[in-house]
Amino acid sequence: MNNINKYMQSLKPEKRAIPEKSYTREDWQGGYQSLTQEFDYWIDDIEGQIPPELQGTLFRNGPGLLDINGQPIHHPFDGDGMISRISFVNGRAHYRNRFVRTEGYVAEQKAGKILHRGVFGTQKPGGWLANIFDLKIKNIANTNVIYWGGKLLALWEAAEPHQLDPHTLETLGKEYFNGVLSAGEAFSAHPRFDPSSNQDEGAPCLVNFSIKPGLSTTITIFELNLAGEIIRKHAHSVPGFCFIHDFVITPNYCIFFQNPVIFNPIPLVVGIRAAGECIKFQPHQATRVIVIPRNSQARQTKVKFWETQSGFVFHHANAFEVGDEIVIDSICYESLPEVEPESDFRQVNFETNSPGQLWRFRLNWGSETVQQEMIESRCCEFPSINPMCVGRNYQYLYIGAAHEETVNAPLQALLKIDLKSGERQLWSAAPRGFIGEPIFVPRPSAEKEDDGWVLALVYDATHHRSDVVILDASDFNREAIARLHLKHHIPYGLHGNFTTEVFI
Ligand code: CO
């Protein structure tokens, strides 16, 4: 009897150790194949109906090439930027994609091989001798795309933007904003759109930043008016090395999380490692929150630092000021997986990595303390909100999420979180669908915060192609309003934006 019990007990954990997964790694890997072709067509394979009120253009950016003529790149963050444009007009949709013709893209396509080192580990062939002292990095324009001030700009955080023609997606050249940006000066890939700027009589403005890392780091803030001119630019020096990808704004402040990392540049200089591989996460070091005032009406007009234990943050969802506090919602990781020189990102072990989770931080001006609480433990990334709520107290968050509640896994679902009631709604594309960043688009003349649509690209492994899905933002429990089947796949992308202007 005893033996039988022991036998039964030994069976149980065994059974639990092989849970039914919501995906297969082979399916997921299909979305990391290069797309070399450039397309231009009306989408006619559609399930459901495109709402006629949905008029405008969704621009998306991301690595289109995961190899150069068969030579694999080391990390998708090193892939050449490819813009996808989905235009919605009168209930129809049009697709076009083009690579950003950066100097590096043009030269490498001509040579048919890798000519540049990448920030995330792509090395020129030839080992360390070919890479030693080559600190010139390739501006790959692959992280975000915005339409602002009549200009379409492909953004990459370590250098200047590339301007594109929104009608043809042709690359027009680098953008310097009438000389306010200097050659090689960075302009981050995570601008925030202030729907009503205090300093401009309530006109919208775009706020962005740049990071110049070193022993101390310079953070520069840019504010652009509707005409696309930089109307405010101020620089601040903060102690220590910064690895900062994103920030958040309120009407009065720009807020940055200085992740606890150290940077050892020696392997980079001698050519055996790329910049991204020289960053080491320091789990026992505090995260520093840097609060930079945007204007002279701010409560605190000097740069202020706060300390908290937060893990690693790539993306923030939103921030707002309420009473004595600044509230910040961010996706935090317990640790940063290091980019290893010999590793293949396609072989990533999701189960052993820590998931991104949504946390809320409250900075209190009175007590000068930071309080933090987890809002969502499900693995999630790529938050999106109603653009009218940027920097304001808000209720709804839309975010890419894992299908299963408790494991780290690829994003296969879209989660809507009601931050007031705590209600969750999940729309899932599992088992064979994989999802990217959702974008919330308000319905014209909408009054409720969640009255609109959520647009996302879903990689469908069954057909090795991507779909554009349109969800009713007010109800994720409904089936998608429409699913637009593209004729091809789009490699997993990074960020994008919607404009109500229609470009075809
Ligand atoms: Co990002």
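This is a short chat about the fold and a few residues of a predicted model.

Me: What does the secondary structure of the protein come to?
Reply: Five helices and 35 strands. Keep in mind that the model is predicted.

Me: How does the radius of gyration sit against a compact globule?
Reply: It agrees. For 504 residues, a compact globule would come out near 23 Å, and the protein has 23 Å. Along the principal axes, the C-alpha atoms fill a box of roughly 80 × 60 × 60 Å.

Me: What share of the residues counts as buried?
Reply: 57% of the 504 residues.

Me: And how much of the contacts comes from residues 24 or more positions apart?
Reply: 61%, taken over contacts with a separation of 6 or more.

Me: What about the accessible surface?
Reply: About 21,500 Å². Carbon and sulfur atoms hold 51% of that.

Me: Charges next. How many positive and negative side chains?
Reply: 46 positive and 59 negative. The centres of the two sets lie 3 Å apart.

Me: Switching to Tyr23. Where does it lie?
Reply: In the loop between α1 (2-17) and α2 (25-29).

Me: Buried or exposed? And why is Tyr23 put in that class?
Reply: Tyr23 is buried, because its relative accessible area is 7% and the cut-off for buried is under 20%.

Me: Which residues does Tyr23 touch, leaving out those up to four places away in sequence?
Reply: Phe350, Glu351, Ala409, Pro410, Gln412, Pro431 and Phe434. With Glu351 there is also a polar contact, side chain to side chain, at 3.3 Å.

Me: Pro431 is on that list. What kind of peptide bond joins Ala430 and Pro431?
Reply: A cis one, with omega about 5°. Most peptide bonds are trans. Pro431 sits in the loop between β29 (424-428) and β30 (433-435).

Me: Now phi. What is the value for Leu169, and what for Glu201?
Reply: Leu169 is near 65°. Glu201 is at about 50°. Both values are positive, and neither residue is a glycine. Most residues other than glycine have a negative phi.

Me: Last one, Asp450. Where is it found, and what is it in contact with?
Reply: Asp450 is in the loop between β31 (439-442) and β32 (452-460). Beyond its neighbours within four places in sequence, its contacts are Tyr396, Tyr398, Lys416, Phe440, Ala473 and Ser474. Asp450 is buried, at 7% relative accessible area.

Technical notes. Residues numbered from 1 in each chain as written. Predicted model: local features only at pLDDT ≥ 70, side-chain atom pairs only at ≥ 80, totals over all residues. Heavy atoms only, no water. Helix = DSSP H or I, 4+ residues; strand = E, 2+ residues; numbered from the N terminus. Buried < 20%, exposed > 50% of the residue type's maximum accessible area, 1.4 Å probe, protein only. Contact = heavy atoms within 4.5 Å. Rg over C-alpha atoms; globule rule 2.2 N^0.38 Å. Areas by Shrake-Rupley, 256 points an atom, 1.4 Å probe, with all protein chains shown as cover. Lys, Arg positive; Asp, Glu negative; His and termini not counted. Charge placed at Lys NZ, Arg CZ, Asp CG, Glu CD. Polar contact = N/O pair within 3.5 Å; in protein donor to acceptor, adjacent residues only side chain to side chain.
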